[in-house]
Amino acid sequence: MSDDNNTIKLLGISGSPRKKATDYIIREALKHAEEKYSAETDYFSASGKELKFCIHCDYCIRTQKGCIHEDDIVDLYEKMKWADAWIIGTPAYQGTLSAQTKTIMDRCRAVVAQDPKVFLNKVGAAAAVGGDRVGGQEPAIQAIHNFYVINEMLPVSGGSFGSNLGGTFWSKDKGGEVVGEDEEGLRGLRRTVKKLVKTAILMKQVEKQD
Ligand SMILES: Cc1cc2nc3c(=O)[nH]c(=O)nc-3n(C[C@H](O)[C@H](O)[C@H](O)COP(=O)(O)O)c2cc1C
């Protein structure tokens, strides 16, 4: 593992229950970050995983010992802590993010209860895939950005003229092959990764000066 200020650790999360379009775009984002920016990467897919809902039992608040559930999200907590930056991808479900993506975010309450600054100044980006061209990708991304803000992370996108809120994709309900042909989506994703990496490097440099 590198402590070099110009090398960042990037975690990709796919909140799809399948290994299709969202899996494809998050793997693309990680591949781009490795090849172009020498990022160290790790990946978590919700596909095939046991992800229990937060049941608001407040075990995490009362004990500060993490979550009462022992499922696959426990491994994800470690990856989240390790990374300097995250990119969360979600399929658009009912005009917003998937239940799997939401569950992952809800369950972060447990690690934040243990250490309220656990995610402080980590940088976050988002990408969303809809079966429709305009099917709720933006509300899905905004929900992920809200999660970053609430947990004291720094949300980024690739900026105006192509990547307004992050990576937005149209799968036409046909999975990974078709989403890989969405050139505009891929352009926006690459710009988002660039901003994510550059901001994470900046944050590492600033934190070193403190
Ligand atoms: C329960 C459910 C709800 C969906 N709702 C939407 C929607 O509101 N808008 C949309 O564009 N696509 C919707 N879709 C289609 C998926 O977003 C689309 O097929 C996407 O590519 C799935 O990503 P995946 O291949 O990574 O699973 C929905 C699919 C499912 C299963």
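Modeller: Helices (runs of H or I, at least four residues) and strands (runs of E, at least two) are DSSP runs, numbered from the N terminus. This is a predicted model, in which local features need pLDDT of at least 70 and side-chain atom pairs count only at pLDDT 80 or more, whereas totals for chains, interfaces and linings use all residues. Residues are numbered from 1 along each chain as its sequence is written, and side-chain values use heavy atoms, with hydrogens and water left out.

Biologist: Why is Ile104 called buried?

Modeller: A residue is buried under 20% relative accessible area, exposed over 50% and partly exposed in between (1.4 Å probe, protein chains only). Ile104 has a relative accessible area of 3% and is therefore buried. The residue belongs to helix H4, where Thr101, Thr103, Met105 and Arg107 are buried as well as Ile104.

Biologist: Against which elements do the buried residues of H4 pack?

Modeller: They pack against E1, E2, H3, E3, H5 and H6. Contact here means heavy atoms within 4.5 Å. With residues up to four places away in sequence not counted, Ile104 touches Ile13, Phe44, Ile73, Leu76 and Met80.

Biologist: What makes a group of residues a nonpolar core?

Modeller: Such a core is a set of buried Ala, Val, Leu, Ile, Met, Phe, Trp, Tyr and Cys residues joined through side-chain atoms within 4.5 Å. The largest one in this model has 32 residues, and those with the most contacts inside it are Ile13, Met80, Trp86 and Phe119. Strand E1 (9-14), helix H3 (73-82), strand E3 (85-91), helix H4 (99-107), helix H5 (109-114), strand E4 (123-130) and helix H6 (137-150) each supply at least two of its residues. H6 gives the most, with five residues. Apart from this core lies another, of 28 residues, including Ile8 and Leu196.

Biologist: How do you know that Asp84 is buried?

Modeller: Its relative accessible area is 17%, so Asp84 falls under the limit for a buried residue. Asp84 is located in the loop between H3 and E3.

Biologist: Is Asn151 buried or exposed, and how do you know?

Modeller: Asn151 is buried, because its relative accessible area is 12%. This residue lies in the loop between H6 and strand E5 (154-155). A polar atom of its side chain lies 2.9 Å from the backbone oxygen of Phe147.

Biologist: Why is Phe53 called exposed?

Modeller: Phe53 has 59% relative accessibility and therefore counts as exposed. Its place is in the loop between strand E2 (40-45) and helix H2 (59-63). Together with Ile55 and Ile68, Phe53 forms a nonpolar patch on the surface, with about 340 Å² of accessible area for the three. Patches are made of residues with over 30% relative accessible area and no salt bridge; like charges are joined within 9 Å, and nonpolar side chains (Val, Leu, Ile, Met, Phe, Trp, Tyr) within 5 Å. Accessible areas come from the Shrake-Rupley method with a 1.4 Å probe, and for residues only the protein chains shown count as cover.

Biologist: What makes the pair Asp58 and Arg109 a salt bridge?

Modeller: A salt bridge is a side-chain nitrogen of Lys or Arg within 4 Å of a carboxyl oxygen of Asp or Glu. The closest N and O atoms of Asp58 and Arg109 are 2.9 Å apart, and the pair forms a salt bridge. Asp58 lies in the loop between E2 and H2 and Arg109 in helix H5, so the pair ties together parts that are 51 residues apart in sequence. Asp58, at 26%, is partly exposed, and so is Arg109, at 35%.

Biologist: How many salt bridges does a search of the whole structure find?

Modeller: The search finds eleven. Among them, Lys31 and Glu28 meet at 3.7 Å, N to O; both lie in helix H1 (residues 21-37), three residues apart, about one turn of the helix. Arg187 and Glu184 meet at 3.3 Å, N to O, and are separated by about one helical turn, being three residues apart in helix H8 (residues 183-209).

Definitions and conventions
Polar contact = N/O pair within 3.5 Å; in protein donor to acceptor, adjacent residues only side chain to side chain.
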